[in-house]
Amino acid sequence: MKKCLVSVLLIMLAVSFMGVVSAANVEIPENIKGRTLRMALVKEWGTGTHMITHINGTRAEAEKYGIDLSVIDANNNLAKMSDAIDNAVSNKMDAILISHGKAPALKDAVIRALKAGIPVIVFDNDFDVPYEIHQGKLVSLDQYDLMMGLLSQMSLVQELDGSGNVIYNRVANVPPTDKRHRIWQGGILPTYPGIKVVNTIDQGTDNPMPKAQSALETLLTSRNNIDAVYAVWDEYAKGFYNAIVASGKTIPLYSVDISDQDLAMMQEHPEIWRSSAAVDPTIVGQVQIRLALKAIAGEKIPRYYSLKPVIVHVDDLPSKEEKRVSMADLADYYDGWGYTTDFLEDWMIALEESLN
């Protein structure tokens with residue numbers, strides 16, 4: 001869906017106007033007014049465009065409200081991640097934001113944080129903690145993985161006219177990819193019996209791109225009847241893309257998640273990488289900060305919340321000769337990219353205004 005620049009500017013002006021009005025008329029909650037809040041963002045890993053964009057989006061939102069944000073990159077070390085949560089508790093942080101990780105490795109530390117009365121806002125993970133412990137201060141936020149699965153898989157179905165041989169990517173036992181797979185297994189395949197899975201590739205989560213490339217290269221040397229490739233995660237999609245390009249074949253590729261590298265590949269070979277469903281990681285950070293603020297203010301927050309994904313289709317983008325598109329540019333082409341008003345309260349606008 002195309003979005004004109006004028007619409008973006010109008011939204012920004014409207015938000016600015018709301019801020020002017022609200023700053024003069026809204027009371028900032030007592031738990032927040034006059035304080036410099038401290039929060040910790042604990043990430044399983046902090047590399048790659050997606051993660052860096054998430055960190056930058058969280059920092060930018062925190063700066064609006066004068067929050068002192070500490071970012072801890074655990075470098076895929078779950079023990080380090082758990083220690084970081086415990087350190088945040090020891091240092092009496094006002095809120096803890098978590099990105100990814102594995103629930104069994106982190107659950108005890110999360111419970112210790114909640115028992116200390118610290119709100120925990122989790123992205124792409126979930127913890128089975130009873131209400132008696134979390135007391136309404138635990139949120140599990142996701143990218144609406146069920147919807148991202150549906151959007152990306154329907155893009156494949158539509159371009160194949162509901163019939164074709166597909167190489168499918170399954171990454172088992174990872175919460176986001178498990179959700180995406182449920183749509184494929186329970187919704188797409190029964191509804192469109194002309195879609196046939198001829199091979200499934202699952203190489204786990206450790207350095208998947210070269211493994212995905214190697215696995216698909218092997219299949220493409222022995223099969224000539226592949227109509228499409230589906231990747232449940234863009235780290236696989238990049239490997240699949242390289243394998244397809246190297247084969248000299250034109251096989252359409254559909255995926256989930258997006259990065260600057262993904263967009264460059266899509267524009268380089270639009271006949272191959274056709275689409276990818278995604279949520280702007282900037283928005284993830286915006287919503288995590290606002291939910292944490294609401295919890296500190298004593299306001300009700302949801303136990304679960306799903307962000308709104310978009311389907312990034314190469315046909316919506318300019319040619320590479322016209323413009324190389326980055327993730328930051330996607331707000332020019334899609335509603336819901338770059339900024340959201342989700343959980344933005346009038347008193348947050350007033351708080352921001354009071355600090356300027």
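The structure is a predicted model, in which local features need pLDDT of at least 70 and side-chain atom pairs count only at pLDDT 80 or more, while totals for chains, interfaces and linings use all residues. Residues are numbered from 1 along each chain as its sequence is written, and side-chain values use heavy atoms, with hydrogens and water left out.

The protein chain is divided into domain 1 (38-143 + 281-308) and domain 2 (145-278), with bounds that come from an automatic or database domain assignment. The centres of the two domains, taken over C-alpha atoms, are separated by 30 Å. Five residues from domain 1 and nine residues from domain 2 take part in the contact, where contact means heavy atoms within 4.5 Å. The size of an interface is often given as the accessible area lost when the parts come together. Between domain 1 and domain 2 about 710 Å² is buried, 47% of it on carbon and sulfur atoms; buried area here is the accessible area (1.4 Å probe) that two parts lose on being put together, summed over both. On the side of domain 1, T49, D142 and Q143 lose the most area to domain 2, and together they account for 56% of what that side buries.

One salt bridge is found across the interface of domain 1 and domain 2, a salt bridge being a side-chain nitrogen of Lys or Arg within 4 Å of a carboxyl oxygen of Asp or Glu. D142 forms a salt bridge with K179, with 2.8 Å between the closest N and O atoms. The count of residue pairs in polar contact between domain 1 and domain 2 is one, both residues being at pLDDT 80 or more. A polar contact is a pair of N or O atoms within 3.5 Å; within protein, one must be able to donate a hydrogen and the other to accept it, and residues adjacent in sequence count only if both atoms are side-chain atoms. By class, the side of domain 1 that touches domain 2 has no nonpolar, three polar and two charged residues. In this classification Ala, Val, Leu, Ile, Met, Phe, Trp, Tyr, Cys and Pro count as nonpolar, Asp, Glu, Lys and Arg as charged, and the others, Gly among them, as polar.

In the whole structure, 20 salt bridges are found. One of these salt bridges joins K64 and E61, whose closest N and O atoms are 3.3 Å apart. Because K64 and E61 are three residues apart in helix 2 (residues 49-64), about one helical turn separates them. Helices (H or I, at least four residues) and strands (E, at least two) are DSSP runs, numbered from the N terminus. K64 is partly exposed at 25% relative accessible area, whereas E61 is buried at 1%; buried means under 20% relative accessible area, exposed over 50%, and partly exposed in between (1.4 Å probe, protein chains only). E61 and K64 also belong to a network of salt bridges with R290.

A salt bridge of 3.4 Å, N to O, brings together the side chains of K308 and D342. This pair links distant parts of the chain, 34 residues apart: K308 lies in the loop between strand 11 (304-306) and strand 12 (310-313), and D342 in the loop between strand 12 and helix 12 (346-355). K308 is exposed, with a relative accessible area of 53%, while D342 is buried at 15%. In a further salt bridge, R170 and D178 have their closest N and O atoms 2.9 Å apart, and D178 is buried at 15% relative accessibility.

S99, in strand 3 (residues 95-99), is buried with a relative accessible area of 1%. The side chain of S99 makes a polar contact of 3.2 Å with that of K43. H54, in helix 2, is likewise buried, at 0%, and a polar contact of 2.6 Å joins its side chain to that of K43. Not counting residues up to four places away in sequence, the residues touched by H54 include K43, S99, F123 and Q288. With the same exclusion, S99 touches V42, K43, E44, M51, H54, M81 and F123.

G101 is placed in the loop between strand 3 and helix 4 (103-115) and is buried, with a relative accessible area of 8%. Beyond four places in sequence, G101 touches E44, L78, M81, L106 and N125. G101 and V122 are 21 residues apart in sequence, and their C-alpha atoms are 9.6 Å apart in space.
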